[in-house]
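Please keep the sequence and the structure in view while reading.

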Amino acid sequence: MNLTRPLFLIFIFSFGVAAQSPSKIISQANKALGGEKILKSVASWRQTGTIRRLSDGALGKYSTFAAGGALYGGMFDLNGFEFAVGYNGKSGWMRNSKDGLRTLTGLSAREFQAEALYRNNRWLRAKDEKAKLASGGTANINGKPVNVVVMTTARTIKLKLFFDAVSGLPVREELQWNGGVKTFDYSDYRPINGIQTPFTLKVGADDETLEIKLDEVRFNEPVAKSAFDFPVVSNEPLPDIPSLLAEIRGNTEKLDAILENYGFTETRIERDVDKNGNFIEKNSETRALSFYRGYRISRRIEKNGKPLSAKDQADEDKDAAKQVAEIEKKIAEKEKRDQISVTKSNAQDAERRITLADALRNSLLINPRRERFGGRDVIVFDYEPNPASKPKSRTEQIFALCTGAVWVDANSKQVVRLDAELTKSIGNFIGKAKRGASFTLENELVNNEIWLPSRADVNFQIKILFAGFTINNLIKYGNYKRFETEVKGATVGDEKKP
């Protein structure tokens with residue numbers, strides 16, 4: 001028995017899909033559950049009942065709830081072991097009696113977000129959420145034939161859905177969780193407000209099986225937004241958020257100076273979904289990067305895992321030298337105009353490091369808390385769009401429309417992790433980034449002096465004129481080395497010998 005592994009697989013409420021092609025399966029499932037119109041009318045729900053662990057018969061209370069198209073939470077207890085989870089649209093959290101309370105990060109965060117969206121919307125908003133539906137063939141469950149649909153989210157999470165081939169009702173789900181799979185079996189359907197609802201749920205993961213018997217299910221019952229927020233459990237004082245952002249902003253100049261002494265590699269991997277709903281890696285490119293006076297110098301060194309030819313590499317080196325010359329020219333011209341700071345046009349902004357504190361100045365910062373992340377004390381807060389904000393730069397405009405969470409190292413006051421999701425499409429008829437675009441960045445402490453990127457997940461859809469494009473990239477950073485940025489008369493990126 002392993003209660004420390006993610007038992008929040010318990011938090012289930014599900015509808016289903018049906019047979020043959022994904023569209024036919026979906027259509028039959030909608031009809032079997034009560035009709036697409038009534039399913040789309042559900043804005044919130046709450047269910048309560050009892051939970052039993054089959055291995056020893058331990059009993060407890062169970063409840064779960066959802067609202068707003070994305071908010072999701074629940075709790076249960078088994079012989080005094082308490083467990084609770086919540087997703088507030090910006091970040092997810094989990095708490096149990098043994099390990100305490102923490103914000104979910106990495107793969108666990110993406111998996112829980114995917115489950116939260118599914119519990120709210122099933123497959124009804126798959127297109128809007130950039131999820132792809134694929135046929136998973138057929139199977140047999142408890143002696144009955146079922147049709148299988150694989151739903152892969154824009155953030156690379158796969159949900160496998162099983163539907164009775166005759167009735168069209170959902171009979172099983174297999175969801176990713178913590179490197180494994182948790183299963184949900186559904187039975188004892190009863191009509192509630194015109195919706196066929198399973199009252200018996202069997203959940204399995206980590207060699208444990210839990211049975212849930214529902215006593216009550218209510219649709220469109222108001223659920224307080226606070227029910228999904230990170231619980232306040234610590235009396236330890238928290239810093240003033242504006243002051244914290246000021247400290248982060250104040251560190252920027254110092255960090256940029258340190259960053260100029262580092263070279264590193266960036267590997268960008270392009271991903272897509274195949275016909276079976278699996279994420280595949282299509283192309284990759286590795287570039288060597290360094291910084292000079294706050295500007296990024298970039299050279300490509302690999303393509304699809306293979307080094308460039310001698311000629312192509314020589315061309316890349318020449319281009320890097322050209323980048324340095326252009327930077328020197330721009331800085332010299334601005335200094336002649338007595339501009340103390342080096343400002344750039346929007347076209348040049350992409351080359352310069354983004355100051356997170358500046359980007360978040362137009363957001364509402366909420367739910368501050370203290371946690372441990374990567375073995376260090378961190379301060380975490382959620383953020384959401386501020387209706388009263390008046391962003392100036394393009395970067396500020398984009399962040400002003402984002403929601404997410406930020407992790408800040410309590411000692412160095414540097415950002416160690418960032419989650420962001422675009423809440424509204426931005427752009428015009430020529431080019432537009434669509435709602436739902438997401439970005440996750442994780443940093444690592446290098447040489448015990450600076451937090452630098454280790455991994456980024458980027459997913460967004462853009463529309464240029466009448467064509468649409470989906471970009472789903474995994475970016476890996478590494479090979480950090482201290483360099484002396486003596487760019488004049490030397491090849492950019494040459495390591496200075498001791």
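L54 counts as partly exposed because its relative accessibility is 35%, where buried means under 20% relative accessible area, exposed over 50% and partly exposed in between (1.4 Å probe, protein chains only). The model is a predicted one, in which local features need pLDDT of at least 70 and side-chain atom pairs count only at pLDDT 80 or more, while totals for chains, interfaces and linings use all residues. Residues are numbered from 1 along each chain as its sequence is written, and side-chain values use heavy atoms, with hydrogens and water left out.

**Residues linked across the sequence**

L54 sits in the loop between β1 (44–53) and β2 (59–67); helices (H or I, at least four residues) and strands (E, at least two) are DSSP runs numbered from the N terminus. Although L54 and L210 are 156 residues apart in sequence, their C-alpha atoms are 5.9 Å apart in space. When residues up to four places away in sequence are not counted, L54 touches K202, T209 and E211, a contact being heavy atoms within 4.5 Å.

L101 lies in strand β6 (residues 100–103) and is also partly exposed, at 21% relative accessibility.

E221 belongs to the loop between β13 (208–219) and α4 (241–259). Its relative accessible area is 19%, so E221 counts as buried. The side chains of E221 and R46 are joined by a polar contact of 3.1 Å; such a contact is a pair of N or O atoms within 3.5 Å, where, within protein, one must be able to donate a hydrogen and the other to accept it, and residues adjacent in sequence count only if both atoms are side-chain atoms. Apart from neighbours within four places in sequence, E221 is in contact with S44 and R46.

**The chain as a whole**

The protein chain contains 8 helices and 26 strands. It has 498 residues, of which 49% count as buried. Among its contacts with a separation of 6 or more, 53% are between residues 24 or more positions apart. The accessible surface comes to about 24000 Å², and 50% of that belongs to carbon and sulfur atoms; the areas come from the Shrake-Rupley method with a 1.4 Å probe, and for residues only the protein chains shown count as cover.

**Positive phi angles**

K413 is not a glycine, yet it has a positive phi of about 60°. K413 is placed in the loop between β20 (402–409) and β21 (415–422), and it counts as buried at 16% relative accessibility. N479, also not a glycine, has a positive phi of about 55°. N479 is found in strand β26 (residues 467–482) and is exposed, with a relative accessible area of 55%.

**Cavities and a pocket**

The search ran on a 1 Å grid over the protein atoms alone: a cavity is a set of points where a 1.4 Å probe fits but cannot get out, a pocket is an open set with protein on both sides within 12 Å along at least five of seven lines, and lining residues have an atom within 4 Å of a point. Grid points are joined across faces, edges and corners, and a volume is the space filled by probe spheres set on the points. By this rule there are 2 cavities of 30 Å³ or more.

| Space | Volume |
|---|---|
| Largest cavity | about 50 Å³ |
| Second largest cavity | about 40 Å³ |
| Second largest pocket | about 680 Å³ |

The second largest pocket is lined by 32 residues, and those closest to its centre are A70, Q113, L117, E421 and R435. The largest share of this pocket's lining, 5 residues, is from α3. Its lining has 12 nonpolar, 9 polar and 11 charged residues; Ala, Val, Leu, Ile, Met, Phe, Trp, Tyr, Cys and Pro count as nonpolar, Asp, Glu, Lys and Arg as charged, and the others, Gly among them, as polar.

The residues lining the largest cavity include R110, R155, R271 and D457. Strand β25 (residues 450–464) gives the most to that lining, with 3 residues. By class, the lining of the largest cavity has 2 nonpolar, 4 polar and 4 charged residues.

Residues lining the second largest cavity include E111, I157 and K182. Helix α3 supplies the largest share of this lining, 3 residues. The lining of the second largest cavity divides into 4 nonpolar, 1 polar and 3 charged residues.
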